Amino acid sequence: MAEERIIRVGTRKSQLALIQTNSVIQMLRALDPTLKFETLPMTTTGDRILDSALSKIGEKSLFTKELENALLKNQVDFVVHSLKDLPTTLPEGLVIGCVCKRDNPYDAIVLHPKHRGKTMKDLPPGSVIGTSSLRRAAQVQRLYPQYKIENIRGNLNTRFKKLSEDDFYDAIILAVAGLERMGWQSCISQHGRLQVLTPDECMYAVSQGAMAVECRADDEVTLQLLHKIHDHFSTIACIAERAFLRKLEGGCSVPVSAFTEISDYEMSIRGGVFSIDGSEAVQHTVVTDLRFPNVPIPSQHAFVGIHCQTPSRKNEYTSAWMAGEILADGVIAQGADAILSKAKATSKEEIIKEHEKKKQEQSNRAMSSGEPASSLGYTSSLN
């Protein structure tokens, strides 16, 4: 008798990550109830370092590296990510096997209970807005220079607790998709504490709202399994956005944003690049007919790390990929390269300062405890 296959699934340990992983498992089980799964929760670098802004840590794969290592070591068959956490260049041998149907990609302001019934523009000058995202901070600061932006880290539960109990933040900015997956949006909205931000107020992160499943590129069995939950137009939009980000060589250390709409076969993608303080901004829009790429269709099987699950529609993958690249060229022509250079230089300085601060704190703890500094938990990833 053949041994029953158990599909091993890697995930982060946070409540939201587990909800997302279980939703993918449930989608697959709904299509084939005989499938067996085992979940392997892991702690990532981004989960461990909670007292630094993401942009100051100096690591590209903050929430993915440990999961990807497990894939490469054949310890798991696939891992579930928020696609916005995945770098645009993946480790050799790995691929995004599918992109699930995209949920609400927008950001939202969640107000402190004392501001119930208000909107962000009603807050008093000097109000503190919490976010760990340079992209959100830059866009909010640009619209509301009278407010103060402060870093806030931790999972959704932790950030809500800080908002409600610390009485330091007047509001925090979160992704609507995360709130919906946790089942919190309607409750917060009913209490007059939620304001969803429009693209004119805050364009979202590249691939925000989309869940992705990463697997080994040569694992045909898993790729065929994931084809069942692949969503074509969510994939197309995310390819365009990731191509835009990759050409700009962006990441969490620079404020880059996007807004994509697809109607029939026409795709419109707007991209934005902002200075860290929000004082400078460049935006550009590209509209394309997905059916007719302006370059030959390439032989590759993946576009910005995303596996082509529908080869018969590879022309649309190609059009989306090129639209993202053309969009990047458009913002660069308007001066985005200078804004990005300044942002990257500032972020690099902040990373160096943060690492020096951590090393000093580690050294101080070592002196007081008598233990070697290397045993106290913080390891620099700065080269």
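I looked up Arg159 and found it in helix α5, residues 156-165. Helices here are DSSP runs of H or I with at least four residues, strands are runs of E with at least two, and both are numbered from the N terminus.

I noted the ground rules. This is a predicted model, where local features need pLDDT of at least 70, side-chain atom pairs count only at pLDDT 80 or more, and totals for chains, interfaces and linings use all residues. Residues are numbered from 1 along each chain as its sequence is written, and side-chain values use heavy atoms, without hydrogens and water.

**Arg159**

Is Arg159 buried or exposed? I found it buried, yet without a salt bridge. Buried means under 20% relative accessible area, exposed over 50%, and partly exposed in between, with a 1.4 Å probe and protein chains only. A salt bridge needs a side-chain nitrogen of Lys or Arg within 4 Å of a carboxyl oxygen of Asp or Glu. The nearest side chain of opposite charge is Asp107, 8.8 Å away. For charge, Lys and Arg count as positive, Asp and Glu as negative; His and the chain ends are not counted. I then listed the contacts (heavy atoms within 4.5 Å). Leaving out residues up to four places away in sequence, Arg159 touches Ile152, Arg153, Gly154, Ile172 and Leu174.

**The sheet**

I traced an open sheet of five strands, in the order β7-β6-β8-β5-β9, with mixed pairing. Its edge strands are β7 (148-150) and β9 (194-196), each pairing on one side only. Two strands pair if DSSP finds at least two bridges between them. β5 (residues 107-111) and β8 (residues 171-175) run antiparallel and are joined by five bridges. Ile109 stands opposite Ile173 in β8.

I checked the helices next. α4 lies across β5, β7 and β8, at about 130° to β8. α5 packs on the sheet and touches β5 and β8; its direction makes about 160° with that of β8. Axes are lines fitted to C-alpha atoms, for helices over the stretch in contact, and angles run from 0 to 180 degrees between N-to-C directions.

**Helix α4**

How many of the ten residues of α4 are buried? I read seven, so the helix, residues 134-143, is mostly covered. Among them are Leu134, Ala138 and Val140. Ser133 caps the N-terminal end, with a side-chain oxygen 3.2 Å from the backbone nitrogen of Arg135.

**Asn74**

Asn74 sits in the loop between α3 (65-72) and β3 (78-82). I read its relative accessible area as 42%, so Asn74 is partly exposed.

Definitions and conventions
A polar contact is a pair of N or O atoms within 3.5 Å; within protein, one must be able to donate a hydrogen and the other to accept it, and residues adjacent in sequence count only if both atoms are side-chain atoms.
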